[in-house]
Amino acid sequence: MTYRPLLYNAAFGPLNLAAVRNAPCQMSLGERLFLYSLVYAARPAHYCEIGTAQGGSALIAQSALFDVGNHDARMSLIDIAFDLDKPARQMLERRAGFHEGPSTEMLPKVAAAAPIDFLLIDGDHTHDGALRDIEMAADLVLPGAHVLIHDAYNPPIAAAIAEAAANPAWIDVGLVVRHGNDLHDSPLEDGPWKGQRNVWGGMHHLRRR
């Protein structure tokens with residue numbers, strides 16, 4: 001976490017906001033704007049994400065770091081199998097490290113290499129997978145770190161967040177982006193959520209005490 005104040009400089013500004021709209025990711029405009037704004041405002045020293053896929057969220061975060069002049073910030077991207085096209089990979093390679101494999105293996109390695117003060121969780125969308133990632137993050141991110149969980153409206157993920165947020169290590173900021181989408185998916189078929197609408201979207205914010 002960067003605690004020194006940023007003195008105003010007219011050279012810093014939202015010069016790369018086009019990435020918010022154009023980046024290839026399954027996020028609503030509200031989610032994109034919130035991610036950009038929080039990265040811009042918090043100026044993390046080490047941005048990490050679980051679930052990079054095509055790289056859209058990482059491109060948004062990278063744009064915010066560039067726009068606020070945080071050129072020394074580190075980025076670590078984790079995915080079980082990246083789906084980046086050549087232009088996205090080339091843009092992200094300027095700053096980011098790519099860590100392909102299970103989050104249970106990659107996140108501890110990334111945290112050991114440099115303390116994490118900003119984490120986006122958008123990987124395993126099962127209840128157990130989301131719960132595991134959030135619980136693991138509580139032991140690995142820095143005090144004061146921001147943790148965002150995407151698809152917080154999805155019933156299994158919402159349940160995982162509620163369970164994990166009960167840990168006193170977390171400050172539960174709450175559901176900070178209230179944009180959902182059911183994508184016309186069939187109702188959920190398994191577990192205690194059987195028959196519920198398969199809603200996606202929404203972003204939940206936790207902070208490490």
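Colleague: How do the residues of the lining of the largest cavity divide into nonpolar, polar and charged?

Modeller: Please note at the outset that this is a predicted model. A lining is read by sorting its residues into classes. Here the lining of the largest cavity divides into 4 nonpolar, 3 polar and 2 charged residues. The residues concerned are I121, D122, G123, D124, H125, A130, I149, H150 and I157.

Colleague: How many cavities of 30 Å³ or more does the count give, and how much space lies in the largest cavity?

Modeller: A cavity is a space from which the probe cannot get out. With the threshold at 30 Å³, the count comes to 1 cavity. The largest cavity holds about 40 Å³ of space.

Colleague: Let us turn to the open spaces. How much space lies in the largest pocket, and which residues are the closest to its centre?

Modeller: A pocket, by contrast, is an open set of points. The largest pocket contains about 730 Å³ of space. Its lining comprises 35 residues, and those closest to the centre are Q26, D122, H125, H150 and D151.

Colleague: What can be said in turn of the second largest pocket, its space and the residues closest to its centre?

Modeller: The second largest pocket holds about 330 Å³ of space. There are 13 residues in its lining, with N16, Q62, S63, M91 and R94 closest to the centre. The elements that supply two or more residues are α1 (18–22) and α3. Helix α3 gives the most, with 4 residues. The classes here are 7 nonpolar, 4 polar and 2 charged.

Colleague: Helix α3 has now been named for both pockets. At what angle does α3 pack with α2, and what is the handedness of the crossing?

Modeller: Helix α3 (residues 56–67) and α2 pack at an angle of about 40 degrees, and their axes are 8 Å apart. The crossing is right-handed. From α2, the residues R32, L35, Y36, V39 and Y40 meet S57, I60, A61, S63, A64, L65 and D67 of α3. This contact divides into 8 nonpolar, 2 polar and 2 charged residues.

Colleague: Y36 and Y40 both occur in that contact. How many aromatic pairs are counted, and what is the geometry of the pair that Y36 and Y40 form?

Modeller: The count comes to 3 aromatic pairs. One of them joins Y36 and Y40, with 5.9 Å centre to centre and 20 degrees between the planes. This pair is stacked, because planes under 30 degrees apart count as such.

Colleague: Why are Y36 and Y40 separated by about one helical turn?

Modeller: The two residues are separated by about one helical turn because they are 4 residues apart in helix α2 (residues 29–42).

Colleague: How do α6 and α7 cross?

Modeller: The axes of α6 (residues 127–140) and α7 (residues 155–165) come within 8 Å and cross at roughly 35 degrees. This crossing is right-handed. Residues H127, A130, L131 and I134 of α6 meet P156, I157, A159, A160, I161, E163 and A164 of α7. By class, the contact has 9 nonpolar, 1 polar and 1 charged residue.

Key:
Residues numbered from 1 in each chain as written. Predicted model: local features only at pLDDT ≥ 70, side-chain atom pairs only at ≥ 80, totals over all residues. Heavy atoms only, no water. 1 Å grid on protein atoms, 1.4 Å probe; cavity = no way out; pocket = protein on both sides within 12 Å on 5 of 7 lines; lining within 4 Å. Points joined across faces, edges and corners; volume = space filled by probe spheres on them. Nonpolar A, V, L, I, M, F, W, Y, C, P; charged D, E, K, R; others polar. Axes fitted to C-alpha atoms, helices over the stretch in contact; angles between N-to-C directions. Left-handed = near helix turned anticlockwise from the far one by under 90°. Contact = heavy atoms within 4.5 Å. Phe/Tyr/Trp six-rings, centres within 6.5 Å; stacked < 30°, edge-to-face > 60°.
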